[in-house]
Amino acid sequence: MYQVRRVNIGKTAQLDELARECGKLYSQTVTSFWRTVRKKGIWLAPRHLMRWHTSDKLHAHTADACVQAFFASLKSWRERRKSDPDAHPPRRRRYYFRIEYKSTAIRLKDGKLTLSNGRSNAPLMLDWSWELPKTVVIHWTGTQYEAIATYKQEAPQVTVTSDKVAGIDLGEIHMAVSHDGKQTFILNGRLLRAKRQYQNKLKAKLSAKIDVKKKGSRRRKQLIRSKQKQLTQIKQQIKDIEHKQTTHFISTLQASGVQTVVIGDVRDIRQDLDGGTKTNQKLHQWSHGSIRHQLTYKAERRGMRVALQEERYTSQTCPCCGKRSKPRGRVYRCVKCGFTFHRDGVGAINIRYKYREEFGVPHVVGAMAPPTGLRFMPHARVAREQSRENVCVGNCTEAATAFA
């Protein structure tokens with residue numbers, strides 16, 4: 001397992017030069033690879049391009065990381081095109097690119113993190129009050145550079161104290177709904193949905209103002225800066241809601257004795273689906289991948305097992321009699337036996353049954369306890385490993401400021 005620390009490091013001429021050099025190296029890799037494919041019909045391996053393209057301004061392993069990043073994207077495209085024939089391979093050149101330092105280029109001494117840029121080049125110096133990281137990746141966030149330090153941690157021992165399994169149904173209205181055989185928990189997502197609606201309105205409003213201004217004018221530049229600032233703030237608020245809600249959700253499941261978490265797999269829900277302009281916008285802004293990732297690593301960090309489960313027809317099948325019917329609204333009512341329950345709760349129940357290979361089989365379901373709602377707690381403390389710190393670059397002596 002890995003722990004990540006994100007650190008804001010501002011903007012300097014040295015960081016711009018390094019990011020530009022990484023972008024140049026990445027672009028050369030893209031150009032050389034596809035030119036060789038087009039003219040020679042040969043697909044080069046990473047080792048060929050790492051020998052072909054190097055840089056005297058970067059550490060050798062940082063230069064290799066630029067080439068490896070392209071091949072990682074190429075591998076991802078090959079996997080993706082198995083299910084999506086319209087997926088596009090990586091072809092874009094980059095003027096700037098992320099700067100990746102591996103363990104061979106990282107040193108820590110007297111509170112200074114030294115990131116080597118190769119022989120005869122000045123290293124990048126950061127004030128660092130933490131332990132030595134395994135890797136450091138520096139990228140541009142839109143307003144400044146951010147260092148992402150990765151630390152390797154021992155995976156927690158999974159001690160099976162019970163066989164309690166919870167099925168989780170991910171949704172656009174409710175972020176996640178779980179059922180463990182007795183209790184149903186609903187993670188309220190209305191606030192997150194409202195933030196995304198406000199984000200869309202803000203984009204439309206500010207874009208309309210920008211479009212009528214003369215290109216290059218001072219007023220247009222002011223509006224662009226204002227748009228970037230406001231959208232960044234909304235983005236951080238959305239991220240804060242997701243982290244606090246998922247942490248609360250996993251903590252609740254752990255307290256109820258859940259040992260295995262089964263998450264419904266909705267990765268291909270957008271393919272070949274056209275529900276109209278509004279529905280399509282909601283589906284494409286639905287951050288189910290981010291929610292699934294956060295639930296996964298937070299559950300594993302607490303020693304719980306996590307599994308993905310295909311969820312076809314789970315919200316349409318009655319868990320009591322097995323009759324399949326499409327629900328209307330947020331309440332599921334079986335047309336055969338009259339079973340009534342929360343629609344997403346039915347999905348979570350059937351995901352759990354699918355994992356246990358009991359899906360579609362009639363079950364005796366008595367009077368079920370009503371679902372328990374988990375609301376957003378704005379003043380909850382986020383996990384320490386997800387905190388963000390501001391530090392100084394170079395010889396700055398100001399203390400780092402930590403944000404909970």
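**Close-up views of a predicted model**

View 1. Residues are numbered from 1 along each chain as its sequence is written, and side-chain values use heavy atoms, with hydrogens and water left out. D110 sits in the loop between β3 (106-109) and β4 (112-115). Helices (H or I, at least four residues) and strands (E, at least two) are DSSP runs, numbered from the N terminus. D110 is not a glycine, yet its phi is positive, about 55 degrees.

**View 2. E357, in the loop between α8 and β15.** Helix α8 spans 343-355. The phi of E357 is near 60 degrees, a positive value in a residue other than glycine. E357 counts as exposed because its relative accessibility is 74%.

**View 3. The open sheet of six strands.** The strand order is β12-β11-β8-β9-β10-β15, and the pairing is mixed. Two strands pair if DSSP finds at least two bridges between them. β12 (305-310) and β15 (372-374) stand at the edges. Each has a single partner strand, so one side of each is left without a neighbour in the sheet. Neighbouring strands are turned by 25 degrees against each other on average, direction ignored. Axes are lines fitted to C-alpha atoms, for helices over the stretch in contact, and angles run from 0 to 180 degrees between N-to-C directions. Strand β10 (residues 184-188) and β15 run parallel, joined by three bridges. Here I186 stands opposite G373 in β15.

**View 4. Strand β8 and its partners.** Four bridges join β8 to β11, and these strands run parallel. A166 stands opposite V261 in β11. Four bridges also join β8 to β9, but this pair runs antiparallel. The bridge partner of G167 in β9 is H179. A hairpin of three residues connects β8 to β9. Which residues cover the two faces of β8 as buried positions? V165, G167 and D169 are buried on one side, and A166, I168 and L170 on the other. Six of the six residues of β8 are buried.

**View 5. Helix α7 across the sheet strands.** Helix α7 (residues 288-301) lies across β8 (165-170), β9 (174-179), β11 (260-265) and β12. The helix runs at about 160 degrees to β8.

**View 6. E242, a buried residue of helix α5.** Helix α5 covers residues 218-255. E242 counts as buried because its relative accessibility is 5%. Contact means heavy atoms within 4.5 Å. Leaving out residues up to four places away in sequence, E242 touches M175, L192, R196, S287, S290, I291 and Q294.

**View 7. The largest nonpolar core.** A nonpolar core is a set of buried Ala, Val, Leu, Ile, Met, Phe, Trp, Tyr and Cys residues joined through side-chain atoms within 4.5 Å. Helix α1 (residues 13-40) gives the largest share, 10 residues. Apart from this core lies another, of 28 residues, among them A166, I168, L187 and F249.

Key: This is a predicted model: local features need pLDDT of at least 70, side-chain atom pairs count only at pLDDT 80 or more; totals for chains, interfaces and linings use all residues. Buried means under 20% relative accessible area, exposed over 50%, partly exposed in between (1.4 Å probe, protein chains only).
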